[in-house]
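This report describes selected features of one protein chain.

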Amino acid sequence: MHMTSRLGGLLLLAVAVMNFPASAMADPCGLVPPLVQAGADAGNQARITRIGKQRTYVFFRNGVESIALRPGFSGKVDEFGMLIPFPSPPAIRKLPDNVFEQIAAAIDPPEVVIDLRPPSGDGGFFGGGGGLGGGGGFGGAMGFVPRNQVRVIREEAVGMYEVAVLAAGSATSLKRWMDDHQYSYPSGMDAVCPEYIEQRWCFVAVKTKVNQKAAADPRPGQRRIDNELPEGASFDGHVQAMGFRFRTRQLVVPMRLSVHNSGKLHNVVYLLSDTPCKIRHLPETFVKRQVSGEKLFDQLTQPLPLRIIGGTIDDIPLSRRRGLAVERDPRPHNGVAAELFAADIVAARTGRLESRSESFEKELEKINAALDLRGADVDRDVQQLLSTERAMLIRATLRAIEGMTLTVIDGDFPRDVLARENLTFSEYHMPLEKSDREHYDANAPFGQSRVSPGSLPGWLGLALVGVAVWFLPRQNARAKRGRTLLLLLALPLAGGGQAAETPSLSVLVRRLGNPEYAARTADQICSLGQDAVPALIKQSQSRDILKQGWAIVCLARLGGADAMSQLNRIQSHKTTPPLVKSWVSAALVKAALVGGGWEGLADQLARQPTLSRSVILAAGPQPLIRIMLEADNQTARRQAAGYVAAMPESPQQTAIVATEVVRAVKFVPASAESPWHGGPLFIPGIRWAPDDAVALIDDLIRWRLWADERGDTATRRQIDNNLRNIGLIHAARFQPPPSDASIDWLRAWKRVIGDEPLRALLAEQHVEGKYADLLAE
């Protein structure tokens, strides 16, 4: 099996393995011979292959470097991960998946074409030409790490990924730490890792599970990565775009291991820097375009070019002319690129690796995660809230791009050049007559994701320059499943190993708006119970949206009449921002789930059905099963059963739901009433496993016998209806009788479970004598 990775190296290397024994060697992008699936025929080798061009964005100014990429791959996989070296600890952020299309549109903006012809009858400073040196980085930036140790610099969740930033004393200690924490250390790295460690670089380890888009689509603040891979599933497409910003004295892109990738190493590098550049030791012909900062600024801020065919602007109908301002707005086409450039310029200007807008967005995502909010609707609300600040950032900052140059380097990078050293750059001004769209179109077709039958949607993953990318063996992943840790940003705790005393409520409330303490502070406030509600109600009206958001989170957790009344007031207020209304809706849904009040859920579903649904499903099966069995309203029971049925997205999740349903309707001989007393019985239509189906039917048969002995005809009929559920009886291999007579039901069930289990079932309710003839059959 093999995977190519175009800028394969920041990348350190790409490793792909599928369905191999745990002891099998990983394939680090061709460092070892390609591996095939265990037991596969030579002619049926399942490989991980690179697809499309590897496009990488690089920014460098004032000792700040930024790298962004979104590579593509194809093949059958289980778990995805990577290991990336950096000269200093990077700030990590998720980027829009269309970032490279938008960069291309910044280089060559699309034209607005108006055809007026009558219809036919057919209807920084790089040191002159001397380059940037040979290795880059703040040598020793990580400080001394003992040979047998790994220092964890930071752990966090980024989109769908679990990320750890590490400093290692040796390759052996790095491998041991990664193995202990369920990251996969790719084989073949031992030759290069010591060199990065000697230069005191750090490593970013990334992992996630690959699964269905509906289950694991990367969303802001996603905190759970609990997705199983369907048998035979494959991935074909591009991975999640990610950005890394770090400090370095010299611009450097580590790609040495990419030389071991098979096939061509076709890369497209967009370099935004103070000086026009080329890659040292690569021919100048690899430089395809150089766009001056002045031109780039105009193309990012001025109306799109207008081309009129068959007339002049005066010939354009007035109605069309009025809409030209919207048609020629560049922001839908390259606004993402403008934000990317502006954020990097701010970082270079201030020396801060994370801009205020980026850190603010992360805090909003944490609040979303605390309320289990995911999906396009809440993403849109977040972006709307940030849009004003981002627009101000672009206006205040982007003009600084006029002193820079965007260089496009495109081609198959020679292996001998990549093998010698990390990529470095030197000053180069390409001839102006060759730097135009006619010679090189930046909008050359981007590879599109494809989905093969039985495959995963093409959306997943991620890769970086010089990254180590790998896929864990399926059996390895299953063995580790359930032990995977979600890595969140570590919050400062009291030192010395002593438990810190909980501060006063007034102190805690003030901390709610401090990103450094907010999440932990919310937990401490909730531990105070209802005494904290009055103070939280006041903070839920704060103009500080972060403090307001965390107050809403706390009110949702604490519940109670006063908290719910305040949340409803916020939601009904006309001036409440859409994102805050989404938070309140999620809070009310969570409170309704805890209290079992379907009326509150139904109200929120009517207001914001998509958001409410995501929160309901994130709550897990137990509160929904309680509503399914206990709600006074028949419609509420039916809808709750529908949500329970929609919850499983993997066999493992189905098993969890089935276990909870069976537990909820467990037969208790001494019961005075059934678990679903007071309303109809609905059994969710999940894909029942045989053992779960048999267990559920067995309990229903017992409840049926219990109802029959009490003359409870209504309950007996409810059970009869559910015992004829096609999915349930098919899984249990149970054939219901044509009549509704109790003896016929028991006889049919005897064929499934046998004589002795049936005897025990009857003895439990002391009716052996009544059915002695059945037992004698």
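## Ala164 and the basis of the model

Ala164 sits in strand β11, residues 161-168; helices (H or I, at least four residues) and strands (E, at least two) are DSSP runs, numbered from the N terminus. With a relative accessible area of 0%, Ala164 is buried, where buried means under 20% relative accessible area, exposed over 50%, and partly exposed in between (1.4 Å probe, protein chains only). Ala164 and Arg154 are 10 residues apart in sequence, and their C-alpha atoms are 5.9 Å apart in space.

The model is predicted: local features need pLDDT of at least 70, side-chain atom pairs count only at pLDDT 80 or more, and totals for chains, interfaces and linings use all residues. Residues are numbered from 1 along each chain as its sequence is written, and side-chain values use heavy atoms, with hydrogens and water left out.

## The chain as a whole

The protein chain contains 29 helices and 21 strands. Of its 777 residues, 54% are buried. The chain exposes about 32,800 Å², and carbon and sulfur atoms supply 51% of that area. Accessible areas come from the Shrake-Rupley method with a 1.4 Å probe; for residues, only the protein chains shown count as cover.

Helix α1 covers residues 99-107, and eight of its nine residues are buried, so the helix is largely enclosed by the rest of the structure. The buried residues of α1 are Val99, Phe100, Gln102, Ile103, Ala104, Ala105, Ala106 and Ile107.

Gln299 belongs to helix α5, residues 293-301. Its relative accessibility is 15%, so Gln299 counts as buried. Apart from neighbours within four places in sequence, Gln299 is in contact with Ala106, Ile107, Pro109, Val291, Pro330 and Asn334; contact means heavy atoms within 4.5 Å.

## Helix α24 against α25

Helix α24 (residues 690-709) and helix α25 (residues 713-723) have axes that come within 9 Å and cross at roughly 155 degrees. The two helices are therefore roughly antiparallel. Axes are lines fitted to C-alpha atoms, for helices over the stretch in contact, and angles run from 0 to 180 degrees between N-to-C directions. Angles under 35 degrees count as roughly parallel, over 145 as roughly antiparallel, 65 to 115 as roughly perpendicular and the rest as oblique.

The crossing of α24 and α25 is left-handed; that is, the near helix is turned anticlockwise from the far one by less than a right angle, whereas clockwise would be right-handed. On the α24 side, Ile697, Leu700, Ile701, Trp703, Arg704, Ala707 and Asp708 meet Thr715, Arg716, Ile719, Asp720 and Leu723 of α25. The residues of this contact divide into seven nonpolar, one polar and four charged. Here Ala, Val, Leu, Ile, Met, Phe, Trp, Tyr, Cys and Pro count as nonpolar, Asp, Glu, Lys and Arg as charged, and the others, Gly among them, as polar.

## Helix α24 against α27

Helix α27 covers residues 742-753, and its axis comes within 11 Å of that of α24, with a crossing of roughly 155 degrees. The pair α24 and α27 is therefore roughly antiparallel, and α24 passes α27 in a left-handed crossing. Val694, Ile697, Asp698, Ile701, Arg704, Leu705 and Asp708 of α24 make the contact with Ser742, Trp745, Leu746, Trp749 and Ile753 of α27. By class, this contact has eight nonpolar, one polar and three charged residues.

Not counting residues up to four places away in sequence, Arg702 touches Phe667, Leu761, Glu764 and Gln765.

Lys666 lies in the loop between α23 (651-664) and α24. Leaving aside neighbours within four places in sequence, Lys666 is in contact with Asp699 and Trp703. Lys666 and Trp703 are 37 residues apart in sequence, with a C-alpha to C-alpha distance of 8.9 Å.

## Two residues with positive phi

Most residues other than glycine have a negative phi. Asn62, in the loop between β4 (54-61) and β5 (64-69), has a positive phi near 55 degrees. Asn62 is exposed, with a relative accessible area of 56%.

Asp372 is found in the loop between α9 (356-370) and α10 (376-397). The phi of Asp372 is also positive, near 60 degrees. Asp372 is buried, at a relative accessible area of 16%.
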